[in-house]
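Here are a few notes to get you started with this one. Have a look at the model first, then read on.

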Amino acid sequence: MTVETLVVFIPLMPLLAFFAIVLFTHRNNAVSHWLALIGAGLAWLLSMVVFGRAIQTEDLSQHPFAAAIQWLPTGSTGLEIGIQIDPLSAVTLFFVAWTVLMIFIYSIGYHNFGQPKGEHDRPGLPPHGAEIQDAHGHKHRVPSIEPMYARFFALISLFAFAMFLLVVTDNLLTLYVGWEIMGLCSYLLIGFWYGKESARNAMIKAFLTTRVGDVFMLLGLAALYSLTGTLNYQAILNNPVVLKGLASANSPLAGISWAGLIGILLFIGTIGKSAQFPLHIWLPDAMEGPTPVSAMIHAATMVSAGVYLVIRFFPLLSTGWDGHHLTLPMLLMGGIGAFTALFAATIALAQNDIKRVLAYSTISQLGYMIAALGVGAYVAAAFHLITHAFFKALLFLGSGSVIHGMEHGVLHTGEKIDPQNMLFMGGLRHKMPITFWTFLAGGLALSGFPLITAGFWSKDEILSGAYASGQLLIFWVLALAALLTAFYTMRQITLTFLGKPRSQSAEHAQESRPVMTAPLVVLSFFAITAGWVGIPQYFPLIGGILPNWFEEFVGSMLLSPAEKAHHSLLPLITSLVVALGGLLLGWLAYRKVFQPFDPLEKPLGGVYTLLRNKYYVDEIYQWAFIRPARWLAETLTDRWLDRTIIDGILHSLGNFGMWLGKTLRQWIDLPVINGAGDLTASGTRNIGTYLRSLQSGRVQLYATVGLGLVAAVAILIYFLWVIG
């Protein structure tokens with residue numbers, strides 16, 4: 001079987017699982033999750049085979065594994081649908097396959113498979129637990145199974161299909177199809193517990209916010225096809241003639257080439273999908289869905305797809321870049337990415353929900369990747385995309401394990417606290433040792449802990465790229481964001497795992513089941529080791545011990561090498577200082593928290609309130625966009641235009657019709673039409689009455705009348721004959 005055939009089957013496996021669950025097995029939880037696991041497992045196995053073949057193939061970037069068929073005729077030409085595996089899609093396929101499989105396995109334990117049904121549980125709401133009786137007759141409350149268990153596995157199978165499709169496709173149109181399917185899946189999974197108003201609001205918010213970016217992306221797609229006649233990656237991105245033509249052709253916007261305009265339109269799609277400022281507002285609220293959904297969105301799919309798009313189209317976005325003067329799309333990416341990285345990192349400092357901290361962390365790290373592309377650090381951006389996927393999936397699944405442990409404590413004690421609030425945790429390293437050590441590995445990777453974590457190597461490459469490009473403002477903004485990242489990560493670790501329990505629920509928390517902790521161990525391995533494939537050759541002491549395989553492999557995607565070896569020690573020293581300094585400051589600030597209060601809230605005062613309320617961006621959007629939109633819809637459109645003007649005109653026409661009908665009835669229908677009919681009827685009745693009077697029943701009279709009539713007729717005939 002050829003590699004191309006194997007690639008075709010990768011997205012089909014979870015898609016078949018989705019249809020099988022929806023159509024046949026949705027009433028059987030065990031069969032449903034096994035179908036989902038088999039689909040994800042086969043996709044993982046095929047992905048590993050394809051990845052292995054890819055790394056053994058020379059010159060893969062210029063001669064990728066590819067196959068296509070004619071799909072949609074468009075006049076003299078036609079759109080093709082096909083698959084392509086090049087270095088970028090190969091490494092993306094690697095991390096997507098691993099994270100998806102681990103999330104699927106973890107979900108079995110997260111949704112309490114094997115536990116009893118809760119007596120008060122119903123579809124659309126999180127399970128509330130079930131009451132059981134032990135052998136001694138004592139009653140206990142234990143976690144209960146998710147009421148929509150099979151539905152969940154069907155939806156995440158479809159989610160996985162969409163991401164696999166997006167990765168292996170060879171053209172922008174099919175990528176857009178996968179892109180939109182992911183939008184649908186995120187809508188359904190964020191609102192999985194649709195019985196909660198907050199979940200319903202979050203799903204609508206995510207769907208509408210990402211649609212803003214998708215509209216601009218679709219415009220870029222249409223413009224690209226109209227100018228080039230194709231959406232195939234190789235035909236556009238590996239063709240210097242096409243890229244040069246787009247860079248030299250002027251768009252309708254003065255001073256912007258078509259390459260620049262299309263690049264900006266595609267980048268706006270990434271702003272929406274990857275939650276960059278100002279379309280970042282949907283991602284924190286996406287925490288309303290189950291924790292495996294958060295891991296899927298933040299690591300394996302959704303937001304990674306947005307960054308993948310701009311990495312894929314970097315040759316177009318950077319067309320005209322000479323290594324010094326950035327193109328307009330690169331300027332926008334550098335500015336928005338760096339701002340978002342710092343902006344989101346500051347908000348994370350004051351969040352107490354364990355998942356919400358990670359949500360703003362994701363926004364910040366995605367900003368890192370976007371900023372890296374903005375300064376031309378193509379390989380560094382791809383490298384951080386992959387390392388981030390591993391440690392962020394680990395952190396989200398770890399947070400779900402923590403929440404599970406806390407929920408067990410809440411059920412045991414009956415305490416009325418939020419099991420996701422870190423201020424009520426503490427001391428969990430003793431209760432949940434596997435979760436602690438794996439979460440620590442992910443947290444250190446996120447912080448960029450030197451040498452031993454994957455996050456250090458990818459972040460260091462981004463800082464080195466920003467410094468070498470001469471974009472010092474971006475460099476220092478990213479460095480400050482890295483400092484804050486290390487600080488809030490240690491804050492999270494300290495509040496959650498260190499110290500003593502700050503609630504009865506934390507005292508009674510327990511470790512999660514092996515089906516949940518085993519994926520954490522696997523992901524922690526990658527959170528540590530994934531960075532070792534990209535150690536720069538120039539790195540002091542250890543550079544060159546391991547080959548910089550990642551830069552050689554993925555860097556071959558560029559038509560001309562844009563990145564140079566960065567030999568300055570300043571970025572390295574900065575990476576070390578911000579990572580270690582941030583971790584130390586975070587530990588010092590939160591190591592002695594004994595009550596469920598943030599020790600920085602009082603010293604920071606209004607600043608803390610501003611950060612906790614996310615700079616009031618949601619409130620500003622509510623005032624600037626949502627309220628005017630509602631006023632436009634409810635007052636102007638509905639009340640004034642629809643009910644007053646349109647309905648008024650229609651009601652006036654209706655009233656005029658009623659008046660006209662009454663007038664015609666009174667003056668024409670009743671006296672003329674009805675009168676003539678009534679007159680005819682009455683005349684007929686009178687004639688009948690008269691003729692009836694002639695019916696006497698006497699034969700003599702009838703004979704006399706008959707003879708009279710015959711005589712009259714005879715006389716008439718004779719008279720006519722004489723005259724004639």
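**Notes on the model**

1. Start with the hairpin: strand 1 and strand 2 form it with two residues between them, and in the turn Gly75 has a positive phi of about 75°. (Helices, H or I of at least four residues, and strands, E of at least two, are DSSP runs numbered from the N terminus.) This is a predicted model, where local features need pLDDT of at least 70, side-chain atom pairs count only at pLDDT 80 or more, and totals for chains, interfaces and linings use all residues. Residues are numbered from 1 along each chain as its sequence is written, and side-chain values use heavy atoms, leaving out hydrogens and water.

2. Residues 65-74 (strand 1) and 77-85 (strand 2) pair in the antiparallel sense over nine bridges; pairing takes at least two DSSP bridges. Opposite Pro73 you'll find Gly78 in strand 2.

3. Helix 1 (residues 3-25) bends by about 30° at Leu12, with Pro14 following within four residues. The bend is the angle between axes fitted to the seven residues ending there and the seven starting there.

4. Now helix 22 (residues 514-529): its buried residues include Met516, Leu520 and Phe526, buried being under 20% relative accessible area with a 1.4 Å probe, protein chains only. The buried residues of helix 22 pack against helix 3, helix 16, helix 18 and helix 19.

5. Leu172 touches Met217, Leu221 and Phe313, among others, not counting residues up to four places away in sequence; contact means heavy atoms within 4.5 Å.

How values were computed: Buried means under 20% relative accessible area, exposed over 50%, partly exposed in between (1.4 Å probe, protein chains only).
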